[in-house]
Amino acid sequence: MKYIDEYRDGRIAQTFARQIAGEVKAGASYRLIEFCGGHTHAISRFGIADLLPANVRMIHGPGCPVCVLPVGRIDMAIGLAIRPEVTLCTYGDLMRVPGSQGASLLKTKAAGADIRMVYSTLDAVRIAEAEPSREVVFFAIGFETTTPPTALAIRLAAAKGLKNFSVFCNHVLTPAAIQSILESPEVRTLGRVRVDGFIGPSHVSTIIGTQPYEFFAEEFGKPVVVTGFEPLDVLQAILMLVRQVNEGRHEVENQYVRAVTRDGNAIAKREVAEFFEPRKSFVWRGLGVVPYSGLRLKQAYAAFDAELRFELADAGGEDNPACECGAILRGVKTPTECKLFGKLCTPDTPMGSCMVSSEGACAAHWTYGRFRDRARSAA
Amino acid sequence: MTAKAYRRRLDIKNGRVDLSHGSGGRAMAQLITDIFHKALDNEWLRRGNDQAAFDVAQGRMVMTTDGYVVSPLFFPGGDIGSLAVHGTINDIAMGGAHPLYLSASFIIEEGFPLVDLKRIADSMGAAAGAAGVPVVTGDTKVVERGKADGVFISTTGIGAVPGGLDLSADKIQPGDRVILSGTLGDHGVAVMSKRKNLSFDTALLSDSAPLHGLVAAMVEAGGHHLRVMRDPTRGGLAATLNELADRSNIGFRLAEDAIPVRPEVAAACELLGLDPLYVANEGKLVAVLAPKAAETVLAAMRTHPLGRDAAIIGEAIEDDHHFVQMTTGFGGGRMVDWLSGEQLPRIC
Amino acid sequence: MNAILPDGMARVTLSGVSMEISIALVGDVGVGDYVIVHVGYALARIDPEEAERTLSLMREGGLIGPSEMMEALP
């Protein structure tokens, strides 16, 4: 597979591993955080941790949009889906996310609700067009990568004059995610993670460009390397970060030059600006309220806003008190430090969202990495 | 002498199954004769009894039962009918046994087109004939519209175990080798491709096939060194190996580079966000065997048309946690855990 | 990309597998271009020169350092 296999070459990986090992300073610690679900997944799936020296630690941040979706929003989606006239279209990942009282879209579907998994927002629009008697609602989530597709769906629905299509909008913003890791009201309770460098997201950066990260590099004095999502990209980025840390630099570097520019995707940004505006505040699962972190539909497109059309009230559900997703999402705790991990909370019986999506830190560790826990506890 | 009552022929082209076809009356008898008996034709069905009688071999026998609910009913490389025959034969073959006879029960939804029913029955007949394993008895029921997704098929199969062979998961020992008979993921991706509107430059077909011939070759080459065999259907190779690990109190270590996957399957999985390790196969087997016999059995498999891409993909190791671990092509390690939840809707 | 289709769609191929995706988010892409695809949309065109540069740096065990970055950005 062109442009994929080359970036998974095991021999080049070994070269990088040796270089990284050669450049890290003994006694120094390199805590590198990534907040892109694709990176969490790639690091786990390819076993990158095994190629790094012990003093380079990869921390998973809140890069999984499924994971940060609050319980209350899932409850609202379930509430929509059980209305007999509604067809709820959703990405597959959301089906098993636990809402209040262990409810989920999957269980709601089993009880008879019309919930359909779609691969693309275009599928949802097609359903609305094909079934005019149904109220088709698209359950929109994601960072800046999935927001333009939602915008285009609204544009298409408007162009076709569809009266039965609306969007339940839960899009969130990456800079806000970074902010919440570094500084937020919850820092006191959930702790602040010590971070030496950032692995910048891949797909998100194709849209927003590298420019938005310049603020963080400057303000917090930490290096940022925008990285592709193939494993060699990640290794190359780690090497770049190790060098920046060693040299005392805190710049924004672009490893993903083949797809990312400083300004990003102008068309996509324009589409998003046309249809969405920031919410004053939005609740993130485990992190609490984060200001200017979420998007909602603009007034001009109120007709496509499911929250207005169906007069939805924020349910404000509660997380399981023992669930450590909040601390895990901020990189302060690891999955194995959560009392529920592997016992009450497994991918088959998820208690919190980190365990549901394959990009969640807990799911990734459970599925790909927990064989290492044994080695650690034995050592 | 009274003339035989006029019996209108079944309108295969435009006709549909209706509730009368399930009521036990003349209409049902006609459906069974004209569609099922015709397609599956053998001496037992010709005798027209409710049961099939045959002599029983000496020694051990195996029996298996299966349900088939695949959607869509017709997919590239097969259909629910051929799948039912192959799948049942394979369950028998995994015990090292020679498949002898099959039975098939059909639960048909009211309104199901006769032309599709005939197509399925004909496909079963062809599959059974090619495999040399007849469907000797069956049953038909019709349920109201909406109570079955077109047609569901249940099967039972019996086979005879060659003397001395006793395959079982608890026989696996650390050091045993794991052999996979061919490429992973073909069936699941072929079925998914219809649902997701993927198209393939070179037709990607389901690998649905009867494995008893391949198994016979393996048993001849090294039967007493074989510990256990399984066919990785739902849940893919990952589910099969995790099951085996749990039952035999060992773990596995695999080498990703050694696992054969067709480029199109890898690409389709990449595009759909799937992992070939979890995708269903319907014409592949996994065998665990003593290390000294691995190369011989592998060579025997490669001479068989269904084993051309066979490969040794890993080995059993001591492990109380029963983990299935894999060294990735990239050089790092990962686990291959059970699949959680449902990734592909109804592919078997 | 194999073919541009009507309504802002295109057919893309990977190792002999094709699917239809939307190219509404990418400016001028043509047949033969490679794109990053996510949830049914092309998000960005892959610049083949940059891709090759990254690969050869990787093969040499090298890095993209600050100086190379300056050249790479418009």
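These notes walk through a predicted model, chain by chain and feature by feature.

1. **Chain C, overall layout.** Chain C has two helices and five strands. Along the sequence, the pattern reads β-β-β-β-β-α-α.

2. **Chain C, burial and contacts.** Chain C has 74 residues, and 32% of them count as buried. Now take the contacts in chain C between residues at least 6 apart in sequence. Of these, 13% join residues at least 24 apart.

3. **Where chain C meets chain A.** How many residues of chain C are in contact with chain A? The number is 30, and they touch 34 residues of chain A. Four elements of chain C give two or more residues to this side: β4 (34-38), β5 (41-46), α1 (48-59) and α2 (66-72). The most comes from α1(C), with six residues. By class, this side of chain C has 20 nonpolar, seven polar and three charged residues.

4. **Two positive phi angles in chain C.** Look at D7(C) and V39(C). Neither is a glycine, yet phi is positive in D7(C), at about 60°, and in V39(C), at about 40°. Each is in a loop. D7(C) is found between β1 (3-5) and β2 (9-14) of chain C. V39(C) lies between β4 and β5 of chain C.

5. **Buried or exposed?** D7(C) has 8 C-beta neighbours inside 10 Å, so it counts as exposed; the cut-off for exposed is 12 or fewer. V39(C) has 22 other C-beta atoms within 10 Å, so it is buried; the cut-off for buried is 20 or more.

6. **A cis peptide bond in chain B.** Which residues does the cis bond join? They are S71(B) and P72(B), and omega is about 5°. P72(B) sits in the loop between β1 (61-68) and β2 (74-75) of chain B.

7. **The buried side of a helix in chain B.** Helix α9 of chain B spans residues 294-302. Its buried residues are A294(B), V297(B), L298(B), A300(B) and M301(B). Why do they lie on the same side of α9(B)? They cover an arc of only 160° around the axis, which means that they share one side. An α-helix has 3.6 residues a turn, so residues three or four places apart point the same way.

8. **What covers that side.** The buried residues of α9(B) are covered by other parts of chain B, including β7 (177-180), α6 (212-222), β11 (286-289) and β12 (311-317).

Notes. Residues numbered from 1 in each chain as written. Chains lettered and ligands numbered in written order. Predicted model: local features only at pLDDT ≥ 70, side-chain atom pairs only at ≥ 80, totals over all residues. Arc of directions from axis to C-beta. Contact = placed C-beta atoms within 7 Å. Nonpolar A, V, L, I, M, F, W, Y, C, P; charged D, E, K, R; others polar.
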